[in-house]
Amino acid sequence: MAPSVIQQRRTHNNLLFQKLLNLRDSASPFTLILDTLEQSGGPLLREFVRRAKISKNKIIFISFSTLRKKVPFEVDSFINARGRPLGALRTEILSHLPSPPTSAQNASSTLAKYLLIIDTLYPLSSNHPQHLSPFLSSLLISSQISLLATYHTDIQLRNPPSVSSYTPSPLTTLIYLATAILTVSSLSQVLARKRARDKSQQEPVFGLQEGREGVIVGLRGRAKDEQGIVINMEIRRRSGRGVMESFVLLPPASTTSTSQTTKSSKLSFLSEFVLLDDHPLFSSPSPGGGSAPVGGGEDDMNTTFNLGLTEKQKRDRENVVLPYFDAQKDGGAAGPGDGGRILYDMGTEDREDFDDEEDEI
């Protein structure tokens, strides 16, 4: 039996996301990670690094706010970009990258691949918004280079007075430039919003959106089965068509203890991912939710009224004969050729309301 269209789409999106994580065949020259205080993009970034190390790609870390000793993985080159002019920074970055390959080198499949990682785009977006596009584009000098950058969406930018009001925001520019956009969110918070939707309740808000004094980060679920992050993927194909899908990135299974875990051992376990719709907690109906069957019992739905039908109401519904039912049998009461007409017998009450003059009009 041939797979359905939905199964084909889900399989295709799974393979596309795996191809993106593995940096295969230049799946995305510029991947943008959008995160917040509620959910950091660190777990997703570390998953990119794990797979890049397995493929023996060279990793170049461009730091605007991260100290070298605070980098949670080993890198081949560390570039301190804090407070440096863009021209000097670009020159140093290009010195760690190979020169553009020739036609003969393009035919070879043994070229090394490079992963450029920018820890945060806030300094560039805030101090050099007009140079954001040419600076990032100038780093992609070869098809063997993949750029991975993080943008914190809940940090307000400083608006320089020299920038025109008609100039698009830095986030709009980044979204336009990126060939893949990965928006991360907390799995426990996504499940909390789904439970509220199933009960037709208002979705909860967390952190800064709560508008409460002193609240910066919302409460997070500590259940073992709610560990993981939700990734909303949007990939722009060369044809211009976008592919969108939501995944759950599960934490990697580690067999070593926390005290004995080193940087290299942390990178030896790959994370698994599943479609959000396939996650057991997301696909299963929540208790008291609106996805429970109607009339299945008093405890199925927390409502003040009963949506089910009694046996007498079911029998009465089956015995109701609508006026057009007889017209659909054997071509109708008037014989063949008149099927589909509505049979209606005017009652006494209807004759009192009937007016011949209105009928002529």
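**Reading a loop residue and a run of paired strands**

Modeller: Let us begin with Gln144, which in this predicted model sits in the loop between helix H6 (132-139) and strand S5 (145-152).

Colleague: Is Gln144 buried or exposed, and how does one read that?

Modeller: A residue counts as buried when its relative accessible area is under 20%; Gln144 has a value of 17%, and is therefore classed as buried.

Colleague: Which residues is Gln144 in contact with, once its neighbours within four places in sequence are left aside?

Modeller: With those neighbours set aside, the contacts of Gln144 are Leu111, Ala112, Lys113 and Tyr114.

Colleague: Turning to the strands, how many bridges join S6 to S7, and in which sense do the two run?

Modeller: In a regular strand, the general idea is that side chains alternate between the two faces of the sheet. In the present case, strand S6 (residues 180-186) and strand S7 (residues 229-236) run antiparallel and are joined by 7 bridges, with Val184 having Ile231 of S7 as its bridge partner.

Colleague: Over how many bridges does S7 pair with strand S8?

Modeller: S7 pairs with S8 (residues 242-249) over 8 bridges, again in the antiparallel sense, and here the bridge partner of Val230 is Val248 in S8.

Colleague: What is the setting of these features in the protein as a whole?

Modeller: The protein has 13 helices and 9 strands, and buried residues make up 34% of its 361 residues.

Note on methods:
Residues are numbered from 1 along each chain as its sequence is written. This is a predicted model: local features need pLDDT of at least 70, side-chain atom pairs count only at pLDDT 80 or more; totals for chains, interfaces and linings use all residues. Side-chain values use heavy atoms; hydrogens and water are left out. Helices (H or I, at least four residues) and strands (E, at least two) are DSSP runs, numbered from the N terminus. Buried means under 20% relative accessible area, exposed over 50%, partly exposed in between (1.4 Å probe, protein chains only). Contact means heavy atoms within 4.5 Å. Two strands pair if DSSP finds at least two bridges between them.
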